[in-house]
Amino acid sequence: MLAFSVFFAAGDGAEEQFLLILTLALLLAVGTSLFLGKLKLPPLPGYFLCGVLLAVSGLVNLKAGSPAANLLGQMGNVGIILLMFTIGLESSLHELMQLRRTGLVAGLAQLGLTTAVAAGVLGGLGMSGAALALSSFLAALSSTAVGLKLFQDFGLANHPGARMTLGVALLQDIAVILLLVLLPGITSGLDLSEAAKLTGILTVKGLVFLTAAAFLSRYGIPQLLRVVSHSRSRELFTLSVLALCAGIASMGSLLGLNSALGAFAAGLAVSGSVYRHRIMAEAVTFRDFFLTIFFVSVGAFVDVPFFLRHWQMLLVGAAGILVIKAAVLTLAGRWGGVPLRGALLSGIALSGVGEFAVVVANKAAASGLLSPLVVQTLLIEVVLTLGLSPLIMRVIIPATRRWEVVRSGTAQKPESGKDFSKRMREVRDHAILCGYGTVGRMVHQALDRLQIPVVIVELNAQTARRLIKEGHSVLFADISQADTLELAGVDRARVIVITFPHVELARTALTIAKERNPKIATLCRARFPSEVEALREVDPGGIVHDEREAGLEMLRLCLTAYDRHESEIELATSNLEVAEEQQMPLPHPGPDGDAPAEAGKPQE
């Protein structure tokens, strides 16, 4: 839907331009991603490179003001709109309260200190006034999409550094929203009193608009989504989500506000709904697609001759930005109580200049506040810093993991590294136990009593240290990495047990395990029906459905309270199991009026 709106907005000849640009951009993105994947490198630098190749190839005219450039920019803007929509979804009051400590402390410290340092450097280069203040602030912004995705790509979605990254990113995104509201007053060219008046009017409009969105979040949107959910049509639900995003964003534009603010309000309007996680799941695919186009467009608009003339200065600037922002965020995270490794990883993940810097800079350039030279320099710094930060994360993560092991004392064990490696190579027909929480501990104790060899993979340093002291075979590592499972002897193991319900990590680990050992038995946990289906796509082995098992056990206890005979209890539970296996819908809706079969996502 959003793609077709871009298509019709482009005017005459849009069909050929749209198909050509889309085909070239996607083919280049797929090709470079596959190539970088073979090198075990993240794909983001490849997206920027795709844009540069698209521009210099001459197949499409991407000069400023050309129809193709406008079309590519419009498609990229859709990605920003969907990004703001998902940010609004993540910005519920509950989420903000959970992240207020790391987000406020680290985020405010990072914005303030980095802006001050950037202002000192740019002021020394001759910049002054509003352009100096705005450019310094934009250099301090980080990328929400890149920062969070880096932790997901490296299998650290639940790491303390990921939580800090989310908190800082949300604070920065809210600051960008405020800046977009104030920007027309700053760039209006009016005197101070008139600019303040315009800013005040836009601020009031923004508050009224957010209030209206909050009203719709209680009276209107939930009712619409309930009706759509009862239809049990995934396509209709997806269309409704996109319609809400585009519709409320358009309302913001009609009020003279930025469409990004409208998209943020749309996400905020449904952030407290029980449909929040399902909406997120539907929107993420479209967001990632259009964000890829956005990153390609950023690379396409790079002035290659300008970069070649000033590459030394630009690289020095990128290095300075990465070092300063990483250092400031690490210190701010430690000040906010985040563990050192988490603060450092968060600092590196957020060290690049974010995509919103490009959006705001382009709007400021259109009003004459920033010169084309400044915008081009900022654009190149975005490409360089966002391209380099994933590569730095690739190097730093294993280095800090080893350092953390040493710091936690897990490296101080009676057994030498050589003896441990030899013992791991000799283990056969063993169980690989991933995670040592309550479930992992119970499984391990039972297997240990039966004298079944177990290799434990655990990312909690204190737990790993304790288990090693007790004489168990433990790897302090990440199960989503192929090297970890190879070291655990997955090719010789009988079974792999993933004891925590994290579907993406489980899918990755199961895929690797099956590639190395097709005969290995797999056991994993899932919380919701959609996660069960996702895991079955990888391997239809043993999947423990938490909600299903809890329901069966509650039914047994309930019938026991009614003094029913054991045979009746077994028959009732067997019938329920058969119904669940056949995916028969329950006869009654849930407490919120929704069909349970459509839930499939956690609710808050």
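**View 1. Helix α11 in a predicted model.** Helix α11 covers residues 234-254. The structure is a predicted model: local features need pLDDT of at least 70, side-chain atom pairs count only at pLDDT 80 or more, and totals for chains, interfaces and linings use all residues. Residues are numbered from 1 along each chain as its sequence is written, and side-chain values use heavy atoms, with hydrogens and water left out. Helices (H or I, at least four residues) and strands (E, at least two) are DSSP runs, numbered from the N terminus. How far apart are the end C-alpha atoms of helix α11? They are 30 Å apart. The expected span is 1.5 Å times one less than the number of residues.

**View 2. The buried residues of α11.** Buried means under 20% relative accessible area, exposed means over 50%, and partly exposed lies in between (1.4 Å probe, protein chains only). Buried residues of α11 include Phe-237, Val-241, Leu-242, Leu-244 and Ile-248. Thr-238, Ser-240, Cys-245 and Gly-252 are also among them.

**View 3. Thr-499 in its loop.** Thr-499 sits in the loop between β4 (495-498) and α23 (503-516). Is Thr-499 buried or exposed? Thr-499 counts as buried because its relative accessibility is 5%. A polar atom of its side chain lies 3.1 Å from the backbone oxygen of Gly-435. A polar contact is a pair of N or O atoms within 3.5 Å; within protein, one must be able to donate a hydrogen and the other to accept it, and residues adjacent in sequence count only if both atoms are side-chain atoms. Contact means heavy atoms within 4.5 Å. Leaving out residues up to four places away in sequence, Thr-499 touches Leu-433, Cys-434, Gly-435, Tyr-436, Val-439, Gly-440 and Arg-525.

View 4. Side chains of opposite charge can pair when their charged atoms come close. A salt bridge is a side-chain nitrogen of Lys or Arg within 4 Å of a carboxyl oxygen of Asp or Glu. By this rule there are five salt bridges. One of them joins Arg-466 to Glu-470, with the closest N and O atoms 3.5 Å apart. Arg-466 is partly exposed, at 38% relative accessibility. Glu-470 is partly exposed too, at 46%.

**View 5. A salt-bridge network.** Glu-486, Glu-515 and Arg-516 are linked in a network of salt bridges. Arg-516 and Glu-515 meet at 3.4 Å, N to O. Arg-516 is partly exposed at 33%, whereas Glu-515 is exposed at 54%.
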